[in-house]
Amino acid sequence: MENQFQPYSDPANLEAIRAISQEIILSVVPEEKVGAEELMDGLIEDYEDGLITTANTDAKISGGFGNVDLVALVVIPLVVAVLKKFFEELIELGFEKYKKWLEEHQEKKPQLSAKVDQFVEEQYTIISTQVKSTKSKSKEKVIKQTTKIVVKRKLGLSE
């Protein structure tokens, strides 16, 4: 597991994923704040284990959550997937190493910012298809835009 991005097992990564996800959810659907907080750690841990919770299905398929369709079901795995792709591309698997690396590679910020845009677009399509969330589909544009802004800010890529 050493050479894989660890969203749940690495405390620095988990803290950053929580903060980014909460900010996006509060911006897109503030009324889901409590539901998202309750589901967050489980969704992150499941994603690390290769599982993803689906929306609008029976309790057996959706991991016991029942008939639920929260934007958080897409946002949280989207944040994890984008960060995973981002860090794997850099071969710097997590926030601690990345912070040090970025100090020495400031000139790469424009390319990294473009990568975040690319990864959000790609991963949103993959995650939303798997989750099957009608609610997140109606908010697709704002979820993607907000995710790009918040992730770039957390990664130190925004001006």
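## A lysine in helix 7

Leaving out neighbours up to four places away in sequence, Lys148 is in contact (heavy atoms within 4.5 Å) with Val116, Asp117, Val120 and Glu121. Lys148 is found in helix 7; helices here are DSSP runs of H or I with at least four residues, strands are runs of E with at least two, and both are numbered from the N terminus. What is the relative accessibility of Lys148, and does that make this residue buried or exposed? The value is 12%, so Lys148 counts as buried. The cut-offs, for a 1.4 Å probe and protein chains only, are under 20% relative accessible area for buried and over 50% for exposed, with partly exposed in between.

A word on the model before going on. This is a predicted model, in which local features need pLDDT of at least 70 and side-chain atom pairs count only at pLDDT 80 or more, while totals for chains, interfaces and linings use all residues. Residues are numbered from 1 along each chain as its sequence is written, and side-chain values use heavy atoms, with hydrogens and water left out.

Lys148 forms a salt bridge with Glu121, with 2.6 Å between the closest N and O atoms. This pair links distant parts of the chain, as Lys148 is in helix 7 and Glu121 is in helix 5, 27 residues apart. The criterion for a salt bridge is a side-chain nitrogen of Lys or Arg within 4 Å of a carboxyl oxygen of Asp or Glu. As background, side chains of opposite charge can pair when their charged atoms come close.

Through salt bridges with shared partners, Glu121, Lys137, Glu140, Lys144 and Lys148 form one network.

## Helix 7 as a whole

Helix 7 has 15 residues, and its first and last C-alpha atoms are 21 Å apart. That is close to the 21 Å expected at 1.5 Å a residue, where the expected span is 1.5 Å times one less than the number of residues. Just after helix 7, Gly156 takes a positive phi of about 75°.

Which residues of helix 7 are buried? They are Glu140, Ile143, Lys144, Thr146, Thr147, Lys148, Val150, Val151 and Lys152. These buried residues pack against helix 1, helix 3, helix 5 and helix 6.

## Other salt bridges

How many salt bridges does the structure hold? There are 12. One of them joins Lys135 to Glu32, with the closest N and O atoms 2.7 Å apart. Here too, distant parts of the chain are linked: Lys135 is in helix 6 (residues 134-138) and Glu32 is in the loop between helix 1 and helix 2, 103 residues apart. Lys135 is partly exposed at 26% relative accessible area, while Glu32 is buried at 4%.

Lys99 and Glu96 form another salt bridge, with 3.8 Å between the closest N and O atoms. This pair lies within helix 4, and because the two residues are 3 apart, about one helical turn separates them. In general, an α-helix has 3.6 residues a turn, so residues three or four places apart point the same way. Both partners are partly exposed, Lys99 at 46% and Glu96 at 44%.

## The nonpolar core

The largest nonpolar core has 48 residues, and the members that touch the most others are Leu83, Phe86, Tyr98 and Leu155. Two or more residues come from each of helix 1 (11-28), helix 2 (33-48), helix 3 (72-90), helix 4 (95-104), helix 5 (109-131) and helix 7 (140-154). Helix 3 gives the most, with 14 residues. A nonpolar core means a set of buried Ala, Val, Leu, Ile, Met, Phe, Trp, Tyr and Cys residues joined through side-chain atoms within 4.5 Å.

What does Leu83 touch beyond four places in sequence? Its partners are Phe5, Ile17, Ile20, Phe95, Val151 and Leu155.

## The overall fold

The protein has 7 helices and 0 strands. Of its 159 residues, 48% are buried. Its accessible surface comes to about 8200 Å², 50% of it belonging to carbon and sulfur atoms; the areas come from the Shrake-Rupley method with a 1.4 Å probe, and for residues only the protein chains shown count as cover.

Among contacts between residues at least 6 apart in sequence, 74% join residues at least 24 apart. Ala55 and Ser133 are 78 residues apart in sequence, yet their C-alpha atoms are 5.2 Å apart in space. Ala55 lies in the loop between helix 2 and helix 3 and is buried, with a relative accessible area of 1%.
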